[in-house]
Amino acid sequence: MSHDAPGTGQDHDIVIIGAGPAGCAAARLLAQNGWRVGLYDKADFPREKTCGDALIPDAHAALDTLGLRARVEQLAYPTRALRLISFDGSAVSVRGRTAVVPRLQLDGLLLEAAREVGADFRPGHDFQSVRDEDGRLYRVEFLTESGKVAVRAPWVLLATGAHAAPIARAGLLERHAASSFAVRQYVRNPRLARDFDQLVFIFDHSVRGGYGWIFPGPDGVFNIGIGYFGSAEKNAGLRRDYEHFIAHQPLARDLMRDGVVVSPLKGAPLRTGLDGTRFAEGGLLATGECVGTTFPLTGEGIGKALETGLLAAENLLAHAAQGRATVAAAHTASLAALRPKYAAYRKAELLLRWPWLANMLVRRAARGEYMRTRLEALFNETADPANLFCWKTWLRILLR
Ligand SMILES: Cc1cc2nc3c(=O)[nH]c(=O)nc-3n(C[C@H](O)[C@H](O)[C@H](O)COP(=O)(O)OP(=O)(O)OC[C@H]3O[C@@H](n4cnc5c(N)ncnc54)[C@H](O)[C@@H]3O)c2cc1C
């Protein structure tokens, strides 16, 4: 990357908007490679992000690439598996590298990791607009406490997460509605924490067409929540359904029995399925959950946000010298290549709305190797989800 001489009006080589996992991953890689990165966020850090806080294998892989795994592990509560509990109480555990780190801490660490290699972080900057000035520089405008601020850079990366407003302001929004919503709460329960070493996903009648979770975090504090698979009409009842879930689902009831609630119930939207946002327009790229990188079905998105933040940075590093059109095409192609995986997860959302199918899947996996190894491979991303969530495989499961 050749840096412009002072006086040309350029403030950074790239303006990254949003300092969540996607923005920080891109910022760290670009800054490590000598780019002058301006990293802007509307929030002051450390800041909370409403999330389940679970890191699944894809997040560990991205943290390896960023050279941050050991540091994150120092903050994390280690878990060794994912446990699925179905509507009828049947359960199975699937091995995989997992951990739980409250986002307040994880995102603080990621931001620090971007800053320590030179990213210039500006908190309290609420993104308002981006305009191509002269085919060479973008002018990006923010609202701050002291008024409007404009900065200029040849490249802009949008990494603002699931909310539609900033994506619309960047002119990249194709679908306004979020894919789904979820709520979560922190509950301290040292008794239950003693032997709790799995991420628990629960299919329950209180959350038909979605799922609940109970994840053990550091200091005996659990993250418990529920969310629906992309069904807007059910989101209005999320709080009521959460109350029903914690009052009736056996494990949730056990957690709440002598647990101490340490946070209010908070909700947030999710954008899943890699659709609803254009990936690039000239030198303006978008990455992370703002392009829908969170998985349908599981709602897991930290790993994919890190991974696609890195993808955006890699495309910039490889192609910036060839100009905007080449970078935009490379970025669009690398995200589009992930689409089949998302389509398979979307299909799974449809299948697992049926309690009897979920029960059968979990029972078969608990009983034998065939289904369990397939689930394990899916979770660890060593198998193509399209092969598991297709009618042929389900027919085979039915007939076994
Ligand atoms: C309840 C819930 C539970 C979840 N549980 C999990 C889980 O257990 N594991 C998992 O992997 N994923 C989970 N997810 C998904 C996960 O939270 C997201 O996939 C992930 O945060 C996406 O990262 P990101 O960097 O793309 O966006 P974010 O983490 O949302 O970061 C975006 C950043 O952009 C900033 N920003 C937004 N608007 C502006 C603006 N106008 N100007 C400047 N800055 C702006 C925000 O302040 C924020 O810092 C969950 C989501 C929800 C809602």
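In this predicted model, the sulfur of cysteine 51 lies 14 Å from the closest cysteine sulfur, that of cysteine 24, which is too far for a bond. For cysteine 290, the closest cysteine sulfur is likewise that of cysteine 24, at 14 Å, and this separation is again too far for a bond. A disulfide is a covalent bond between the sulfur atoms of two cysteines, and the criterion applied here requires the two sulfur atoms to be within 2.5 Å. By this rule the count of disulfides comes to zero. Cysteine 51 counts as buried, because its relative accessibility of 17% falls under the 20% cut-off, and cysteine 290 is also buried, with a relative accessible area of 0%.

Strands S7, S8 and S9 form an open sheet of three strands, in the order S7-S8-S9 and with antiparallel pairing. S7 and S9 (147-153) stand at the edges, and each has a single partner strand, so that one side of each is left without a neighbour in the sheet. Direction ignored, neighbouring strands of this sheet are turned against each other by 20° on average. Strand S7 (residues 126-132) and strand S8 (residues 138-144) run antiparallel and are joined by six bridges. Across this pairing, phenylalanine 127 stands opposite phenylalanine 142 in S8, while serine 129 stands opposite glutamate 141 in S8. Five residues lie between the strands of the S7 and S8 hairpin, in which glycine 135 takes a positive phi near 80°.

Among the helices, H2 (residues 57-66) packs with H10 (residues 302-319) at an angle of about 40°, the two axes being 7 Å apart, and the crossing of H2 and H10 is left-handed. On the H2 side the contact involves Asp58, Ala59, Ala62, Leu63, Thr65 and Leu66, which meet Gly303, Lys304, Leu306, Glu307 and Leu310 of H10. The residues of this contact divide into six nonpolar, two polar and three charged. An α-helix has 3.6 residues a turn, so residues three or four places apart point the same way.

In helix H14 (residues 369-379), the buried residues are Tyr370, Met371, Leu375, Glu376, Ala377, Leu378 and Phe379. Just after H14, a positive phi of about 55° is taken by glutamate 381.

Technical notes:
Residues numbered from 1 in each chain as written. Predicted model: local features only at pLDDT ≥ 70, side-chain atom pairs only at ≥ 80, totals over all residues. Heavy atoms only, no water. Axes fitted to C-alpha atoms, helices over the stretch in contact; angles between N-to-C directions. Helix = DSSP H or I, 4+ residues; strand = E, 2+ residues; numbered from the N terminus. Left-handed = near helix turned anticlockwise from the far one by under 90°. Contact = heavy atoms within 4.5 Å. Nonpolar A, V, L, I, M, F, W, Y, C, P; charged D, E, K, R; others polar. Buried < 20%, exposed > 50% of the residue type's maximum accessible area, 1.4 Å probe, protein only. Pairing = 2+ DSSP bridges.
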